[in-house]
Amino acid sequence: MATSTPTRDAYAPPPGGSPHAPARSGRQTWRSRLWRFDDKASPYAYIAPFFLVFGAFGLYPLLYTGWIALHRVEMTGLNQMEWVGWENFDKILHDAEFWTAVANTFLIGVMSTVPQLLVALGLAHLLNYRLRASTFWRTVVLTPYATSVASAALVFALVFRADGGLLNWLLHFVGLGDTNWANGHWTSKIAISVIVIWRWTGYNALIYLAAMQAVPADLYEAASLDGASRWQQFRKVTIPSLRPTILFTIVISTIGSMQLFGEPLLLEGGRLGATGGNENQYETLSVYLYNYGWNLGHLGPAAAVAWAMLALLLIIAAVNWLVGRFVRKSAV
Amino acid sequence: MRITRTVVAGRRRRAAVLATTGLTIPALLLTGCSSDSDTSGSTGPDANGNITLTVADFGQFGYKEAGLFAKYHELHPNITVKEDVTADEKIYYPKLLQQLNSGSGLADVQGIEVGRIKEITDTKADSFVDLGKVIDVGDWVSWKAKQATAPSGAVIGAGTDIGPMSLCYNTDLFKKAGLPTDRAEVAKKVAGGWEDYLKLGEEYKKKAPAGTYFMDSASAMFNAVVSSNAKQYYDESGKPVYKESPSVQQGWNLAAEVASKKLSQGLAQFDTNTWVPALRKGTIATVACPAWMAGQISANAGEGNKGKWDITTAPGATAANWGGSFLAVPKSGKNVEEAGKLVKWLTAPEQQAAVFKAIGVFPSNKGAYDLPDVKNAKLPYFNDAPIGQIYADEAKSIPEAVLGPKDGVIKDTISTQITNMEQRGTSPDKAWKAATDAIDKAIG
């Protein structure tokens with residue numbers, strides 16, 4: 001996109017301010033200087049609003065959180081900050097619950113991201129066929145994304161209820177149905193993953209669909225002339241063309257699953273939701289942060305958790321980048 | 001398949017956009033509705049001198065049920081009272097702290113739960129009006145007034161109610177298990193204390209109807225044991241001593257015994273998915289029963305179980321107190337004086353008696369105990385149990401408990417682990433370690 005946009009240089013007169021140029025009237029040099037200044041500066045002016053907003057609502061809170069992470073700050077006295085250095089980080093790194101939360105976040109992240117992206121790919125492929133009322137299907141696929149986390153989580157909480165839940169009711173027809181979904185270590189993670197998958201699959205499917213439609217049709221024609229089956233076309237043409245998009249969705253889903261909060265908080269709700277279950281079996285890092293800061297009222301360690309989450313994300317991003325580079329190299 | 005598509009793409013795409021917007025916008029609107037309009041804060045009088053007082057509270061204070069705000073408006077036509085209720089106190093309290101920190105958004109009157117009052121008097125007393133000049137502290141049961149007194153001597157909260165504990169039992173199930181159903185006889189069986197209560201439980205279990213349990217939750221019993229003692233989780237100097245506290249140890253050991261002998265159903269109290277259906281199905285024989293709990297039982301067990309329940313004195317010689325709240329007036333309010341008058345009126349004997357009549361929370365104002373609405377109160381749902389009498393008697397023997405700033409969190413954390421012992425069969429040692437780890441984090 002950037003290369004196709006003509007800059008003013010392309011049709012502007014040659015720079016008049018150069019020292020070798022013959023002297024012109026002062027007014028003209030001033031104008032051409034202004035012209036050049038406008039050329040150089042206005043792009044910055046156009047992007048400035050984003051950076052101003054980001055600075056006020058992104059960067060400043062980020063740095064201030066880091067500052068708080070080095071202090072003892074209580075919910076009951078925000079104006080009293082006592083310097084403690086690395087103590088808060090030390091505290092959370094030695095807390096077994098923190099590592100439980102890390103493990104849960106990763107497990108739920110994998111359990112929700114992998115099926116979600118696979119299903120999205122399949123859905124996108126189906127939507128790419130000529131269908132009756134294709135717009136309707138595309139809209140339907142996107143609707144879960146448009147519902148709020150809270151309402152989705154509350155409805156699924158009813159589905160996964162131990163006593164009289166919809167799922168247990170269905171399972172009892174096949175002789176199962178005594179599962180206390182929220183109580184089990186695996187079942188609770190499955191329940192949360194299902195909510196996440198339900199909400200985000202359609203969103204990813206539409207992104208894939210958009211990318212699929214950008215794949216040149218002649219590639220498929222050539223492939224079918226060579227006798228490639230539908231499945232072979234999908235594997236050898238569609239997937240390689242979608243690689244950058246797949247990487248993008250992986251990055252977005254990873255960030256999303258690191259921040260997973262509403263679904264675990266509301267699966268059981270109340271006291272149990274705030275600690276991620278009675279044995280922290282589905283406590284994610286965000287829930288741990290929330291509990292530390294808002295229920296227990298210790299904002300220092302909570303801020304430290306926030307920074308630990310940032311560090312984890314950076315590590316994941318680095319791994320992602322390395323894997324992406326490896327994949328790109330091996331594909332060539 | 002791709003070439004033919006482009007022919008109709010133009011029209012189709014427009015339809016897609018229309019359909020997508022058509023479907024998404026209502027969804028966004030629906031989700032947008034949940035954001036509340038922020039009208040709960042304190043505002044000054046309008047041009048005509050009319051005042052709107054805001055009362056922020058949680059759970060069920062019963063003022064609306066008893067029609068007290070409407071009555072206050074009748075008595076003072078220029079004053080309208082608006083209540084802003086947060087259902088869950090666990091959500092209400094952090095919000096209150098945030099508002100106290102920022103000094104904005106506070107209502108004219110704020111409710112404070114007993115598990116939090118110590119933290120508020122310790123750290124936030126400066127933000128509240130000294131009600132000692134408005135109300136007569138001597139009217140309250142002595143320990144209630146003491147709880148709301150800050151180190152400086154300022155009284156920052158007026159007690160709304162207390163939770164003297166009795167024992168609710170299902171006479172139907174008692175009969176089937178061959179136990180006495182008469183109030184006095186049941187009281188005699190458990191008079192020796194909570195150990196006797198467990199013995200009665202074992203007796204019940206021998207002949208219990210299938211699928212029924214002696215109690216709903218061992219954590220409720222734990223809470224009852226601890227709160228019938230003066231020394232609970234903290235000592236007088238404010239140091240947390242819950243690990244050595246005799247009452248905590250006694251309660252914990254009894255709870256572990258209940259779990260291993262399976263005397264309880266292991267439910268989380270108030271859980272609408274498990275506890276409420278259990279009451280409706282009638283699988284629970286006894287519930288440790290503060291005054292407000294009786295209301296919970298009758299509401300949740302429903303008309304079908306009317307007359308199957310009764311109330312008697314709780315085990316042991318000293319009664320427990322469970323719950324109870326305060327009303328406080330933030331200094332930052334615009335109508336501090338009028339708010340103080342409202343609090344005084346709401347916590348006066350007549351009004352507390354009206355609330356007791358409406359939703360069954362027991363008055364903290366001693367003056368209310370002699371009013372006929374309280375003194376002669378009987379609950380038809382519970383075989384006409386003379387609750388006014390029972391709870392007033394219990395209230396006399398409640399010890400002057402030493403409170404701590406994190407009482408609420410400690411109680412909740414231990415409750416979670418007791419439920420784990422009941423539901424998951426977690427060993428008492430492992431559960432205790434998990435509880436102490438979590439509590440040390442909360443206190444630290």
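Student: Which way does H3(A) pass H7(A), in a left-handed or a right-handed crossing?

Tutor: H3(A) passes H7(A) in a right-handed crossing. The word is used when the near helix is turned clockwise from the far one by less than a right angle, and left-handed is for anticlockwise. Before we go on: this is a predicted model, in which local features need pLDDT of at least 70 and side-chain atom pairs count only at pLDDT 80 or more, while totals for chains, interfaces and linings use all residues. Residues are numbered from 1 along each chain as its sequence is written, and chains are lettered from A and ligands numbered from 1 in the order in which they are written.

Student: What makes H3(A) oblique to H7(A)?

Tutor: Look at the angle. Helix H3 (residues 96–128) and helix H7 (residues 185–213) of chain A have axes that come within 6 Å and cross at roughly 40 degrees. Under 35 degrees counts as roughly parallel, 65 to 115 as roughly perpendicular, over 145 as roughly antiparallel, and the rest as oblique. So H3(A) is oblique to H7(A). (Angles run from 0 to 180 degrees between N-to-C directions, with axes fitted to C-alpha atoms, for helices over the stretch in contact.)

Student: Which classes of residue are in the contact of H3(A) with H7(A)?

Tutor: There are 20 nonpolar, 8 polar and 1 charged residues. Nonpolar means Ala, Val, Leu, Ile, Met, Phe, Trp, Tyr, Cys or Pro, charged means Asp, Glu, Lys or Arg, and the others, Gly among them, are polar.

Student: What makes H9(B) roughly antiparallel to H10(B)?

Tutor: Helix H9 (residues 218–226) and helix H10 (residues 246–261) of chain B cross at roughly 155 degrees, and their axes come within 8 Å. That angle makes H9(B) roughly antiparallel to H10(B). Their crossing is right-handed.

Student: Which residues of H9(B) and H10(B) make the contact?

Tutor: Among them are B:Phe222 and B:Val225 of H9(B), and B:Trp252 and B:Leu254 of H10(B). By class, this contact has 11 nonpolar, 4 polar and no charged residues. H9(B) also lies across strand S6 (165–170), S7 and S8 of chain B, at about 35 degrees to S8(B).

Student: What is the order of the 4 strands in the open sheet that holds S7 and S8 of chain B?

Tutor: The order is S7-S8-S6-S9, with mixed pairing. Strand S7 (213–215) and strand S9 (309–313) of chain B are the edge strands, each pairing on one side only. To count as paired, two strands need at least two bridges found by DSSP. S7(B) and strand S8 (residues 284–290) of chain B are joined by 2 bridges and run parallel. Within S8(B), B:Thr286 is the residue that stands opposite B:Met215.

Student: How is chain B divided into domains?

Tutor: Domain 1 takes 51–162 + 324–370, and domain 2 takes 165–320 + 381–443; such bounds come from an automatic or database domain assignment. The C-alpha centres of the two are 28 Å apart.

Student: How many residues of domain 1 of chain B are in contact with domain 2 of chain B?

Tutor: 17, and they meet 16 residues of domain 2 of chain B. Contact means that the C-beta atoms, placed from the backbone, lie within 7 Å. Helix H4 (114–123) and helix H5 (142–147) of chain B each supply at least two residues of that side of domain 1, and H4(B) gives the most, with 6 residues.

Student: Which residues make the contact of H4(B) with H17(B)?

Tutor: H4(B) packs against helix H17 (residues 407–424) of chain B at about 140 degrees, with the axes 7 Å apart. B:Gly115, B:Arg116 and B:Lys118 of H4(B) meet B:Asp407, B:Gly408 and B:Lys411 of H17(B). That is no nonpolar, 2 polar and 4 charged residues.

Conventions: Contact = placed C-beta atoms within 7 Å.
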